Every structure is written in structure tokens, then in C-alpha cells.
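Dear colleague,

Please find below the structure that I am handing over to you, together with its sequence. My findings follow it.

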Amino acid sequence: MARGLLISGAEELTKKKIGSAFEALARSRAPVIFSAALILSTLAGAVPASDTSASALRLQRLDGAAFSLDALRGNLVVLDFWASWCVPCRTSFPYLDDLQARYAAKGVRVVGLTLEEDGEAVNAFLDQVPVAFAIARDPSGRAGEAFDVVAMPTTFLLDRDGKVVARFEGGDARAHAKLEAAIETLLSGKTLAPGSDRRVGAGLEATGAVKAWQRGYLADPFMNLDGDPITRQLREHIHASKEGAAGDGGAAGGGCGCN
Amino acid sequence: MIFRTSSASRAVILLLAFGGVAPAAGGPDVRAKLAAPPAVAAGAKTTIAVEMTIGPGWHVNSHTPSEPYLIPTAATLTASAGSLSPVRYAKDEDRKFAFSDKPLRVYTGTVRFETDLDVPAGASGDVTVEGNLSYQACNDQQCFPPAKIPLKATAKITSR
């Protein structure tokens, strides 16, 4: 019966049917619920894919000209997500500029990708931290979601086929050392060993709990009043439950969902 | 285990099971609430406070950050009756981080921002103070995008 539910849950899946699928699964046993939910969310794209291809992104240079990561195939690409308000990004940019200079002749290209809409802030940042590597923006606002980026800086290493092969979180010396070691490994023709990534903490990838950064979407999904309908309904349900449990008529005001 | 709850509750439990709305593991540990007494007197001023708790390892920018490109912490509130004074922000601290050459003006730990609610004489019923607390949090490695926490509190207006 459990297997049948898993199979039928997967077959029924479209994003529009998630709600009714959950309802059906909720009538079953708990272990099945967790497994089926994981399958549903994977198929729906909510769980990050393990090998993201960057070729589908349609980016722009700051002057509006089209910029495609596809055009960089044949090179190793260091794709760095940054923001003007991100101090670690300011520290990391000079390193990445130097990296580009040292490795350009070996077929390594650095691209700084900002998801910000505030062009003035972007320009001000680049005036203060000038770099020679390419700067791109994402008009669709979906690149953060495509790469499961929830914080900055997050840097990806793409192989010569445009496939993401490593992820580095943070802009400190440790992240840079791992990035450079990974580049050297790929340049030597070898493949990256497990652990070549740099992760600063569990859960910093987009999951159901923490959503990827996209245009107009605030960092904390629990607090985002503009979330999707299911999230809004669930938040109201939980908030009402907490208020009821607190018994104070709401004087404690909006909780954070962090407890 | 078989669930015997309403469909809405089952949906909540289901999503909580795979972390759909659970507190974000690894995300900024920032909480806030609006502290107000259950009753306020008409014709008097009552202090309302925003209590913000920033978890260990995290910081948010001061209301007056040390650099113009940094996003300040700000409480934006309105009252359904009477008026609110400008928010008085907690004392910030200058803290040096490994990723910055200069100290940054930040809040850490628990901080309190206050405003005075002035309810006019003769007012009655309830007064609701609501708004949001906006901030941008970082740890010692990365920075999260700007965020907002909704705030709301309702108090009964009493006669003096």
C-alpha cells in the first residue's frame, strides 16, 4: 500500500496537484508521508538538483547587452553571486580579480552575477571595488533559485561543458583556497574529489525551509507576506495556533517562526 | 502513526515533516516581537517596544550603519488610534569581522527599540500597533538578503 501511494503520488505530480497530493498522502502513515513528500518536492523542483546546468540562464551585462554563460564553454567559469550590501563580497572581489588575471591564459573566466535591481547601488559598488572580470545581472530574477543561492557570496565552479561541479560559500581565505585547488585539479585534467566544495553551514542551500534569493523575495520565507498561497495559509494557521496557545490575545505580536 | 486531524492540520504536519515551513536550519537566527501592555490609558503615553533577538554568530546592521551601502535595521510602525513617537533605537556596537577591514556598526544579541504611544483623552475601544522590522543579517561568512518581520499588538484603551 505504501509503495502504491509513492508511485501514485509521483505519477500525479504537477505543481497544481501538489495540494491535493498532500491531502491524499496525509491520510496515510507518517513514514510514507515523508518519503512521498520528498519525491513530490524533488519532482516539483523544490529540492535543488545536484548538477545544475547554467546554459539556460539568459543574463545581461550592465549595459543591457545579452550575456550568455554558454558562450564561455570551453573555459572553466567561476560564477560568483554577489550583492552591493554584502561586505564579504567586497572583500572577495579583489581576490577574484586577481584570480582572473592569473588564470585567464589557462582558460579560466570569472563572472560576477548580481541579482540586485538597484542599478545605482551596483554601479557604486563597482566604482569602489573595480574589477576587470565580467559583471552580469539577471533580468529574470530566477538565477538565485536556479542555483539555490540563499546568501552571498556564493561561488560556483563550472567545468568546460558549463556544468556546475563545485560550490563555495563565503568569501574568506578558506573558500578561496578550496576554489583555487579545485581549479588546479580541473586544469590538470582530473575530476574533483568529494569534499572539494566549501560549505559554511548545513541548510544554506535552498530547501523548503529557506528559499533561494530571487527578485522581490525577502530572505526569510516565514516572514514574507508575499509568499505563495500555500505558505500564506500555513503561516496564518501556525500564527493563529501560537496566539491561541499563548492566550494573550495577540499582545505578543508577530513571532518569527524561528523557535 | 495515523493522523486523525483536520485536513489543514495534516497539510501543516506534512510540510513540517520535510521542513517546508520549519525554522530555517542555517538561516539567520533573528527574531522580533512587539511588546505592549494589554491595556493603555486614554490621555496618557505608553511605551511600546520592539524586542529583537539576534542569535549567536549573527549580526544585523545598526539603524545608522557605518557605510552608506549597508542596509539599516528599521522599525516601521503605525497605530490605529493616537500617535507614535519616532522610534528610539538601541545603542549599537562597533565590531570587527574577519571579512571587513574596518569595524562595522551592528546589533548583536538582544536589543530593544522603543516608541511612545500617545492615546488621546476620550479614546475608547482597542488600539492596534502594527508594522514591520526590516533588517539584513550576516554571519562571519555570508550575508542574507534583506528581510522583514511583521509586528502587531493590540491593547484595550482604558479611561484614566
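Read from the N terminus, the elements of chain B follow the order α-β-β-β-β-β-β-β-β-β-β-β-β, that is, one helix and twelve strands. Please bear in mind that this is a predicted model. Of the 160 residues in chain B, 41% are buried. Among the contacts in chain B with a separation of 6 or more, 71% join residues 24 or more positions apart.

Sheets and strand pairs of chain B

One open sheet is made of four strands, in the order E2-E12-E10-E5 of chain B, and its pairing is mixed. Strands E2 (39-41) and E5 (74-79) of chain B each have a single partner strand, so they stand at the edges, and one side of each is left without a neighbour in the sheet. From one strand to the next, the twist averages 30°. Within this sheet, E2(B) pairs with strand E12 (residues 147-158) of chain B in the parallel sense, over three bridges. There, B:Ala39 has B:Lys156 of E12(B) opposite.

A further open sheet, also of four strands, has the order E7-E8-E4-E11 in chain B, with antiparallel pairing. Its edge strands are E7 (93-95) and E11 (137-138) of chain B, each of which pairs on one side only. Strand E4 (residues 59-61) of chain B is joined to E11(B) in the antiparallel sense by two bridges, and B:His59 has B:Cys138 in E11(B) as its bridge partner.

In soluble globular proteins, nonpolar side chains tend to be buried together. In this model, the largest nonpolar core has 80 residues, and those with the most contacts inside it are A:Val78, A:Leu157 and B:Val129. The element that gives the most to this core is strand E3 (residues 76-82) of chain A, with six residues. Leaving aside residues up to four places away in sequence, A:Val78 touches A:Leu96, A:Leu99, A:Val108, A:Val110, A:Thr155, A:Leu157 and A:Leu179.

Backbone geometry in a loop of chain A

Most residues other than glycine have a negative phi, and most peptide bonds are trans. The peptide bond from A:Met152 to A:Pro153 is cis, with omega near -5°. A:Asp148, which lies in the loop between H6 and E6 of chain A, has a positive phi, near 55°, although the residue is not glycine. Is A:Asp148 buried or exposed? A:Asp148 counts as buried because there are 20 C-beta neighbours inside 10 Å, and the cut-off for a buried residue is 20 or more.

With kind regards

Key
Residues are numbered from 1 along each chain as its sequence is written. Chains are lettered from A and ligands numbered from 1 in the order in which they are written. This is a predicted model: local features need pLDDT of at least 70, side-chain atom pairs count only at pLDDT 80 or more; totals for chains, interfaces and linings use all residues. Two strands pair if DSSP finds at least two bridges between them. Axes are lines fitted to C-alpha atoms, for helices over the stretch in contact, and angles run from 0 to 180 degrees between N-to-C directions. A residue is buried if 20 or more other C-beta atoms lie within 10 Å of its own, exposed if 12 or fewer, and partly exposed in between; C-beta atoms are placed from the backbone. A nonpolar core is a set of buried Ala, Val, Leu, Ile, Met, Phe, Trp, Tyr and Cys residues joined through C-beta atoms within 7 Å. Two residues are in contact if their C-beta atoms, placed from the backbone, lie within 7 Å.
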